[in-house]
Amino acid sequence: MSRYRVVIADDHAIFREGIKMVLSRNPDLEIVGEASDGREAVRIALDQSPNLVIMDIAMPGLTGIEATREILAELPETRIIILSVHSRKTFIMEALKAGARGYVVKDSTGEKLLHAVTAVLKGESYLDSPVASHLVEEFVRMPFSKVEETGGPAVTDREKQILRLIVDGKTNRQIAEELCISPKTVENHRANIMSKLGLHDVIDMVKYAISTGLVDLDTWTRPSS
């Protein structure tokens with residue numbers, strides 16, 4: 001079995017060394033590149049086509065959020081985990097909107113980072129415990145009303161199934177394979193879901209899924225003990 005290819009992007013060399021030491025505990029991971037700024041992170045990612053990028057936010061040249069957008073525009077199958085000192089809601093939401101599948105704060109343990117890596121490489125999402133707490137506050141502050149209660153069009157069981165898989169971080173192709181349907185059918189369902197519910201992106205889908213009980217936040221965030 002081939003190893004997962006990983007790129008580390010952080011502007012502090014000592015911190016990159018620390019990340020490498022943590023990741024070395026998982027023999028399935030191979031470090032294929034290191035970047036000290038956002039622009040270099042994009043260049044190395046496009047050159048190496050990694051399975052995973054572990055990305056800081058505050059880097060010179062290009063922020064980690066901007067780099068995430070640029071990488072995923074060219075490499076949509078690459079998974080990105082943000083590893084940052086910032087735990088403010090604005091940074092978290094922007095990172096997730098950019099396409100990051102995990103968010104871990106830098107004062108967490110190495111074990112949490114390994115949990116995040118394992119979850120994200122499996123196609124799941126991972127939010128560190130303090131990050132999840134901030135998002136819970138955001139969901140409470142900006143709740144979605146249930147469509148069934150407002151008299152809007154009902155969401156079918158199949159659409160709920162697909163919405164749950166989207167929130168879990170699955171791509172259209174992965175959903176199609178799991179449900180034995182075509183990627184085009186998945187895309188049509190996705191468009192119908194967003195149109196029916198008035199959603200604009202995956203973050204809106206997550207908010208709706210949690211506010212209506214379609215997914216369990218504790219399960220989705222994968223908190224470590």
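**Terms and their grounds**

Mentor: Of the protein's 225 residues, 48% count as buried. The model is predicted, so local features need pLDDT of at least 70 and side-chain atom pairs count only at pLDDT 80 or more, while totals for chains, interfaces and linings use all residues. Residues are numbered from 1 along each chain as its sequence is written, and side-chain values use heavy atoms, with hydrogens and water left out.

Trainee: Why does H189 count as buried?
Mentor: Buried means under 20% relative accessible area, exposed over 50%, and partly exposed in between, with a 1.4 Å probe and protein chains only. H189 has 18% relative accessibility and therefore counts as buried. Its place is in helix α10 (residues 183-197).

Trainee: What is H189 in contact with, leaving aside its neighbours within four places in sequence?
Mentor: H189 is in contact with R158, E159 and I162 when those neighbours are left aside. Contact means heavy atoms within 4.5 Å.

Trainee: Why is A58 called partly exposed?
Mentor: The relative accessible area of A58 is 44%, so A58 is partly exposed. This residue lies in the loop between β3 and α3 (64-74). Leaving aside its neighbours within four places in sequence, A58 is in contact with D11 and H86. A58 and G38 are 20 residues apart in sequence, and their C-alpha atoms are 8.7 Å apart in space.

Trainee: How many helices and strands are there in the protein, and what makes a run a helix or a strand?
Mentor: There are 12 helices and 6 strands. Both are DSSP runs numbered from the N terminus: helices are H or I with at least four residues, and strands are E with at least two.

Trainee: Which strands are called edge strands, and on what ground?
Mentor: The open sheet of 6 strands has the order β2-β1-β3-β4-β5-β6, with parallel pairing. Its edge strands are β2 (29-35) and β6 (126-127), each of which pairs on one side only.

Trainee: How do you know that β4 and β5 pair?
Mentor: Two strands pair if DSSP finds at least two bridges between them. Strand β4 (residues 79-84) and strand β5 (residues 102-105) have 4 bridges in the parallel sense, and L83 stands opposite V104 in β5.

Trainee: What joins β3 to β1 and to β4?
Mentor: The parallel strands β1 and β3 are joined by 4 bridges, and I8 has I54 in β3 as its bridge partner. Another 4 bridges join β3 to β4, also in parallel, where the bridge partner of I54 is I81 in β4.

Trainee: What makes both faces of β3 covered?
Mentor: L52 and I54 on one side, and V53 and M55 on the other, are all buried.

Trainee: Which residues line the second largest pocket?
Mentor: Its lining consists of Y4, P50, N51, E77, T78, R79, V120, L121, K122, G123, R173 and Q174. On a 1 Å grid over the protein atoms alone, a pocket is an open set of points where a 1.4 Å probe fits, with protein on both sides within 12 Å along at least five of seven lines; lining residues have an atom within 4 Å of a point. Helices α5 (110-121) and α9 (172-179) each supply at least two residues of this lining.
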